[in-house]
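Please open the model in a viewer and keep the sequence panel at hand. The stops below proceed selection by selection.

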Amino acid sequence: MAKRFKGKVAIVTASTQGIGYSIAQRLGLEGASVVISSRKQENVDAAIEKLESKGIQVLGVVCHVSNAQQRKNLIDRTLEKFGKIDVVVSNAAVNPSPDTIMRSQESILDKLWEVNVKAPILLIKVVDRRVTIVDIIF
């Protein structure tokens, strides 16, 4: 397998299962040190174990992307451990209702905005203040 990300540090939000986990795993297999996150510590711990068993260097951090302090902690811990950030994959998202946008209640629209739009922008703003170059993948 190519090592296109050798020496790179990649943060992947919502990455302890599903698509986020697969992205983190692929980045790690291609040489990146990966930072994974989830809202639940037990999910973080289980994913760390699986990724480390594949020889991937990984840091796991509990992070709900809608929480400003947890976003800051994600960035701070990444920089403490790896000293840089090269890639951010904003994978966290919600879909709290099967209704169409036009039929969604205002509270549902607020949740969609908060997690799917606002949180990734605020995460990148924290990263941008702390590093010089970053690849942003939404």
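Begin with Lys118, which counts as partly exposed because its relative accessibility is 31%. The model is predicted.

Next, select Lys72 and Asp76 in helix α3 (residues 68-82), where the two residues are 4 residues apart, about one turn of the helix. Their side chains form a salt bridge with an N to O distance of 2.6 Å. Is Asp76 buried or exposed? Asp76 is buried, its relative accessible area being 15%, whereas Lys72 counts as partly exposed at 39%.

Now select Arg4 and Glu30. Their salt bridge brings the closest N and O atoms to 2.6 Å. This pair links distant parts of the chain, 26 residues apart: Arg4 belongs to the segment before β1, and Glu30 to the loop between α1 and β2. Arg4 is exposed, with a relative accessible area of 58%, while Glu30 counts as buried at 1% relative accessibility. The whole structure contains 5 salt bridges.

Move to the loop between β1 (9-12) and α1 and select Ala14. The phi of Ala14 is near 50 degrees, a positive value in a residue other than glycine. Ala14 counts as partly exposed, at 32% relative accessibility.

Then select residues 41-53, helix α2. This helix of 13 residues reaches 18 Å from its first C-alpha to its last, close to the 18 Å expected at 1.5 Å a residue. Which residues of α2 are buried? They are Val44, Ala47, Ile48 and Leu51. Viewed down the axis of α2, the buried residues fall within an arc of 110 degrees, so they line one face of the helix. They pack against α1 (18-29), β2 (33-38) and β3 (58-62). On the other side of α2, Glu42, Glu49 and Ser53 are exposed. Just after the helix, Gly55 takes a positive phi of about 80 degrees.

Finally, show the surface and select Ile101, Met102 and Leu109, which form a nonpolar patch with about 350 Å² of accessible area together. Ile101 is placed in the loop between β4 (87-89) and α4 (106-130), and it counts as exposed at 55% relative accessibility.

Definitions and conventions:
Residues numbered from 1 in each chain as written. Predicted model: local features only at pLDDT ≥ 70, side-chain atom pairs only at ≥ 80, totals over all residues. Heavy atoms only, no water. Expected span 1.5 Å × (residues − 1). Buried < 20%, exposed > 50% of the residue type's maximum accessible area, 1.4 Å probe, protein only. Arc of directions from axis to C-beta. Contact = heavy atoms within 4.5 Å. Patch = residues over 30% accessible without salt bridge, like charges linked within 9 Å, V, L, I, M, F, W, Y side chains within 5 Å. Areas by Shrake-Rupley, 256 points an atom, 1.4 Å probe, with all protein chains shown as cover. Salt bridge = Lys/Arg side-chain N within 4 Å of Asp/Glu carboxyl O.
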